[in-house]
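Here is a short tour for your next look at the viewer. Please keep the sequence and the 3D view side by side as you read.

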Amino acid sequence: MENIVVSSLIFDLICLVLVLVVARRYAKKGLLASLVECGGTLGSLIGAKLGSAWLAPQIFVQWFAPGMRVRVLEKLASGGNVDLNALVAELEGFLPQSLIQSVVEPVKDQLEAAFSSNLGTLADTLMDQLITPLLVPIIAAVLFFLIFVMLRMAVSVVAHTLTCINGIPLIGTANKSMGFVAGGAVGLLYLFLLLCAVWVLITITGGRLPYLDDTLLTGSIFYRIFNTINPFTV
């Protein structure tokens with residue numbers, strides 16, 4: 001329990017420092033540049049979310065699903081004691097328990113019933129109700145960051161041209177002061193992006209990194225808020 005409190009507190013302090021550092025940095029750029037970057041960053045996040053949500057299922061169906069279904073059928077046909085609990089235990093070796101449970105619990109009865117059907121029906125059920133909901137968010141996460149980086153690069157070019165306003169007397173001073181406020185908003189967007197990366201890291205490593213797993217971060221205010229709006233699971 002003490003480790004959870006300490007880890008969560010340190011994590012929240014890091015998040016707060018990030019927001020303040022970004023706000024200070026954007027104060028130097030000024031209000032107009034900060035507003036452009038704030039709006040552009042928000043637009044990039046929305047574009048990355050929509051683009052990845054649209055592309056990920058298609059990529060999974062076209063490139064991953066056929067081969068995975070064959071492997072599922074082969075595993076089921078090989079015999080042995082294969083049930084839902086055994087399958088979930090195997091998945092927990094490389095995916096965090098929280099993600100698995102969020103997918104399994106709503107369809108647990110349907111999955112358990114499928115184990116009494118023929119292999120083809122069972123394989124289809126596992127693909128549709130278990131494997132696809134688990135792997136599509138991982139693909140979406142990778143696409144999310146790729147799309148975001150491309151969109152954000154275009155925004156940076158526009159924002160850079162507006163920093164010249166800071167050289168104008170009086171207007172430049174006010175521009176910098178208001179830039180700190182707008183920079184705080186940009187900082188929150190960057191914090192959201194950081195939390196996305198943390199979630200992806202926890203997912204990829206299966207929560208095996210020291211001081212970085214779902215359990216240790218349960219006390220983090222920022223991480224709890226993020227989990228309610230996680231773009232990969234919501």
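The notes below cover confidence, the nonpolar core and a nonpolar surface patch.

This is a predicted model, in which local features need pLDDT of at least 70, side-chain atom pairs count only at pLDDT 80 or more, and totals for chains, interfaces and linings use all residues. Residues are numbered from 1 along each chain as its sequence is written, and side-chain values use heavy atoms, leaving out hydrogens and water.

**Confidence**
- The chain has an average pLDDT (the predictor's confidence in each residue, from 0 to 100) of 80, and 84% of the residues score at least 70.
- Helix 8 (residues 221–228) has the highest confidence, at a mean of 88, and helix 3 (residues 84–91) the lowest, at 72.

**Nonpolar core**
- The largest nonpolar core holds 57 residues; such a core is a set of buried (under 20% relative accessible area) Ala, Val, Leu, Ile, Met, Phe, Trp, Tyr and Cys residues joined through side-chain atoms within 4.5 Å.
- Phe60, Leu126, Leu130, Phe144 and Tyr223 touch the most other members.
- Helix 6 (119–161) gives the most to this core, with 16 residues.

**Surface patch**
- Leu16, Leu20, Met178, Phe180 and Val181 make a nonpolar surface patch of about 470 Å².
- Helix 7 (171–205) gives the most to this patch, with three residues.

Terms used: Patch = residues over 30% accessible without salt bridge, like charges linked within 9 Å, V, L, I, M, F, W, Y side chains within 5 Å. Areas by Shrake-Rupley, 256 points an atom, 1.4 Å probe, with all protein chains shown as cover. Salt bridge = Lys/Arg side-chain N within 4 Å of Asp/Glu carboxyl O. Helix = DSSP H or I, 4+ residues; strand = E, 2+ residues; numbered from the N terminus. Buried < 20%, exposed > 50% of the residue type's maximum accessible area, 1.4 Å probe, protein only.
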